[in-house]
Every structure is written in C-alpha cells, then in structure tokens.
Amino acid sequence: MLADRLSVRPSTVSKMLDRLIDKGLVARTSNIRDARQTMVQLTPTGEEAQVAIRDIWQRLEDDLSSSIPSGNLAALDRSLTHFGEILAQRLRRLR
C-alpha cells in the first residue's frame with residue numbers, strides 16, 4: 001500500500017523503511033490479523049519529527065503563498081495539483 005501511495009517499487013519502500021528504522025523514526029510490526037502484511041507506525045521520535053516537519057512546511061507554504069497575489073493563488077494551486085496527478089501517473093508506469 002505504501003509503494004502504491006508513493007508511486008515507487010515495494011523494494012524502494014523497504015529500503016526507505018530500513019533507513020527510518022535505523023534512525024528510530026518508525027517501527028515495523030506484524031499484522032495480527034494477516035501475517036503476510038507488515039504494519040508501520042511512527043515511534044515517539046518519529047512523531048516529534050513529523051510535528052517539526054509539518055511546522056517547517058507550513059511556514060514555507062505561508063511564506064510562498066503570501067508572496068503570490070491572491071488572484072493567482074487558486075490558479076497555481078489547480079496547476080500544481082494537476083502536475084502532481086500527472087507525475088504520479090507517470091511514476092506508476094515506471095514501476
């Protein structure tokens with residue numbers, strides 16, 4: 001499911017998770033209902049990092065959006081959303 005959401009190969013997600021686990025940001029556990037599935041969750045350190053990262057992104061978004069005239073902001077948002085959809089489609093084809 002993570003590979004699909006990120007539009008990457010499952011092996012890429014596995015490598016990413018290994019690195020995040022090494023840093024103490026996430027933990028892997030077996031799914032109690034289905035042993036074929038692995039569950040991933042943030043550790044307390046990961047939750048702290050998530051809060052800090054979201055704060056940084058929010059400040060960046062605020063800074064950028066305040067520099068764009070409000071009339072252009074909606075059009076930019078639509079364009080970037082469309083760009084993201086196209087990019088995700090093309091990345092899925094590469095997998």
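Predicted model: local features only at pLDDT ≥ 70, side-chain atom pairs only at ≥ 80, totals over all residues.

Modeller: Residues are numbered from 1 along each chain as its sequence is written, and side-chain values use heavy atoms, with hydrogens and water left out.

Biologist: Where is Asn31 placed?

Modeller: Asn31 sits in the loop between β1 (26-30) and β2 (38-42); strands are DSSP runs of E, at least two residues, and helices runs of H or I, at least four, numbered from the N terminus.

Biologist: Why does Asn31 count as buried?

Modeller: Because its relative accessibility is 15%, and buried means under 20% relative accessible area (1.4 Å probe, protein chains only).

Biologist: Which side chain makes a polar contact with that of Asn31?

Modeller: The side chain of Gln37, at 2.8 Å; a polar contact is a pair of N or O atoms within 3.5 Å, and within protein one must be able to donate a hydrogen and the other to accept it, while residues adjacent in sequence count only if both atoms are side-chain atoms.

Biologist: Turning to the second largest pocket, which helix gives the most to its lining?

Modeller: α3 does, with 5 residues. Both α3 (44-66) and α4 (70-94) supply at least two lining residues, and the lining includes Trp57 and Leu80.

Terms used
Buried < 20%, exposed > 50% of the residue type's maximum accessible area, 1.4 Å probe, protein only. 1 Å grid on protein atoms, 1.4 Å probe; cavity = no way out; pocket = protein on both sides within 12 Å on 5 of 7 lines; lining within 4 Å.
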